[in-house]
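User: I am new to this structure. Please walk me through how to read a few of its features.

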Amino acid sequence: MATDPSIETPEAIVVDGLVKRFRFRHVHSLKETVARWVRRATVETDEFTALKDVNLTIRQGETVALLGFNGSGKSTLLKCISGVLTPDEGQIGVRGRIAGLIEVGAGFHPDLTGRENVYLNGAILGMSEAEIEARFEQIVAFSEIEEFIDQEVKFYSSGMFLRLAFSVAVHTDPDVFLVDEILAVGDEPFQRKCLDRIRELRASGKTLVIVSHDLNMVADLCDRGILLEHGVVVMDDEPHAVVRRMRGEG
Amino acid sequence: MTEVSPRPLPEGMERPGVARGLLTLVSHRYLLTLLVRKELRVRYQASVLGLAWSYVKPGAQFAVFFFVMGQFLQLSRSIPPYAIFLFSGIVVVNLFSEILGNATRSVVGNAPLVRKIFLPRQLFPLSTVLVALVHFLPQLVILVIGALVSGWRPDPAALGAALLGAVLVIVFALALGLLFGAVNVAFRDTENTVDLILMVAVWFSPVLYNIGLVRDHFGADSWLTRLYEANPLTIAVELFHRAFWYPAAEPGVRDGALIDHVMWRGVIALVVCMGLLWVGDRVFTRLSRNFAQEL
């Protein structure tokens with residue numbers, strides 16, 4: 001292992017023997033279920049194991065890149081850590097408040113104004129009313145859409161929408177940040193700003209788990225890389241080394 | 001399904017995404033109020049009448065029933081003041097319908113959130129209760145005004161009956177709403193089934209006619225009458241009749257117009273519905289683990 005944060009640092013995330021299976025049930029109505037049952041056919045399910053016995057320990061203050069090609073289970077792992085998905089086997093432990101930037105803007109409603117969405121989303125991401133009020137100015141300033149904040153979000157351009165959503169998410173101040181492909185938000189200056197914000201969070205000792213297909217960027221940003229292949233951790237090392245292996249260079 | 005793992009987590013760590021029961025939502029009060037506000041804002045977006053629609057609908061319903069059932073079919077003769085009798089039943093059934101109908105759709109309707117962010121999922125059905133109450137209160141005000149005009153003078157039993165009836169119908173509707181809302185994630189037929197239930201609910205509870213007709217038709221001791229009388233919605237409607245219609249009605253009309261021992265039945269039904277709510281909450285909590293992947 002290239003990275004070895006001091007053993008005394010407490011764990012931020014522990015993934016212990018995690019198995020996650022997906023069952024695709026092909027019937028979605030009672031009628032079909034009953035029809036199958038009458039014909040004594042069992043409900044057809046395809047099972048697909050997305051994560052097979054994943055074990056990980058991430059310590060506080062680490063910035064970890066979850067790497068892997070499409071379908072390797074990165075996003076599933078992130079969703080399990082965030083609590084959206086429930087493990088089929090094994091367990092996950094998290095210390096402190098966790099915020100997933102898994103899909104920014106999930107809680108946004110097009111018919112509400114920017115301001116209302118900031119409050120609603122802040123609360124969805126676990127902030128209290130006082131916390132949102134305290135950070136409101138900062139959130140709006142970061143998103144650079146001051147003059148549109150009282151307009152309904154449906155009139156926003158997609159860039160404006162994502163900037164506001166991202167801005168709310170990075171101001172939630174959790175202990176553990178899960179970031180999935182969101183650094184591709186907005187134009188280049190805004191992207192740079194987002195990266196700066198992520199670095200700031202890193203410097204302040206937050207734990208970050210980042211999924212991205214921009215390999216160079218994450219390798220530079222993170223101090224540990226974990227490579228998933230078909231739901232199995234195959235490498236856990238310095239991120240540039242992991243990226244080289246992914247590219248077949250090492 | 002999560003088995004309790006033999007290895008304990010390091011101290012101070014928590015399992016993410018563990019579904020808990022309804023009672024834990026107290027800590028999410030703020031989010032709940034925002035969800036309710038959102039719901040109301042979105043529902044009346046770009047509508048001129050806005051919240052006034054919550055008066056128009058029961059108003060129209062009342063007018064239709066009053067003239068067709070009360071006047072044309074002459075149901076009003078036996079139970080004056082019929083307008084109060086009718087409207088006190090309508091507000092109960094409307095409260096029931098709105099909670100149950102919206103709670104059933106609440107999880108599927110919030111699919112983008114459920115799929116992506118972990119929140120206590122009971123928030124969605126619970127917020128439908130609060131939205132329904134926002135619509136219920138103005139109707140209740142109209143009912144009180146109408147009753148006062150018709151000579152209603154409240155007694156303590158009437159106020160108790162109103163409170164008991166409202167709590168009963170909320171608990172009953174939320175209990176069913178949690179059950180149906182959870183099942184609806186996997187089986188979308190549920191919402192159609194619920195629509196069917198809601199369509200017949202107003203006819204199979206004593207909203208338009210008094211319960212005496214049911215007894216006369218089926219016989220006081222038949223199991224159909226028993227079944228009809230055991231329906232918590234019937235009891236809630238009768239509690240509202242006891243609260244608003246009974247004190248306004250002539251003594252001669254009152255006798256035998258309501259179900260017997262309405263208060264006691266109300267208390268028993270409430271206890272039963274509390275049990276049902278507990279079951280609904282447990283089922284919802286259990287099924288909620290798979291919501292994200294089933295949606």
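User: Where do I start with two chains?

Analyst: Start with the contacts between them. This model is predicted. In it, 36 residues of chain A are in contact with 31 residues of chain B.

User: Which elements of chain A each supply at least two residues of the side that touches chain B?

Analyst: There are helices and strands on the list. The helices are α1 (30-38), α2 (74-82) and α3 (114-124). The strands are β1 (11-25), β4 (89-94) and β5 (98-101). The largest share comes from β4(A), with 5 residues.

User: How do the residues on that side of chain A divide by type?

Analyst: They divide into 17 nonpolar, 12 polar and 7 charged.

User: Next, a single residue. Is R242(B) buried or exposed?

Analyst: Count the C-beta atoms around it. A residue is buried if 20 or more others lie within 10 Å of its own. R242(B) has 25, so it is buried. Its place is in helix α10 (residues 232-245) of chain B.

User: What does R242(B) touch, leaving out residues up to four places away in sequence?

Analyst: R242(B) touches A158(B), A161(B), L258(B) and V262(B).

User: Last, strands. In which sense do β8 and β9 of chain A pair?

Analyst: Strands β8 (residues 224-229) and β9 (residues 232-237) of chain A pair in the antiparallel sense, over 5 bridges. L228(A) stands opposite V233(A) in β9(A).

Notes: Residues are numbered from 1 along each chain as its sequence is written. Chains are lettered from A and ligands numbered from 1 in the order in which they are written. This is a predicted model: local features need pLDDT of at least 70, side-chain atom pairs count only at pLDDT 80 or more; totals for chains, interfaces and linings use all residues. Two residues are in contact if their C-beta atoms, placed from the backbone, lie within 7 Å. Helices (H or I, at least four residues) and strands (E, at least two) are DSSP runs, numbered from the N terminus. Ala, Val, Leu, Ile, Met, Phe, Trp, Tyr, Cys and Pro count as nonpolar, Asp, Glu, Lys and Arg as charged, and the others, Gly among them, as polar. A residue is buried if 20 or more other C-beta atoms lie within 10 Å of its own, exposed if 12 or fewer, and partly exposed in between; C-beta atoms are placed from the backbone. Two strands pair if DSSP finds at least two bridges between them.
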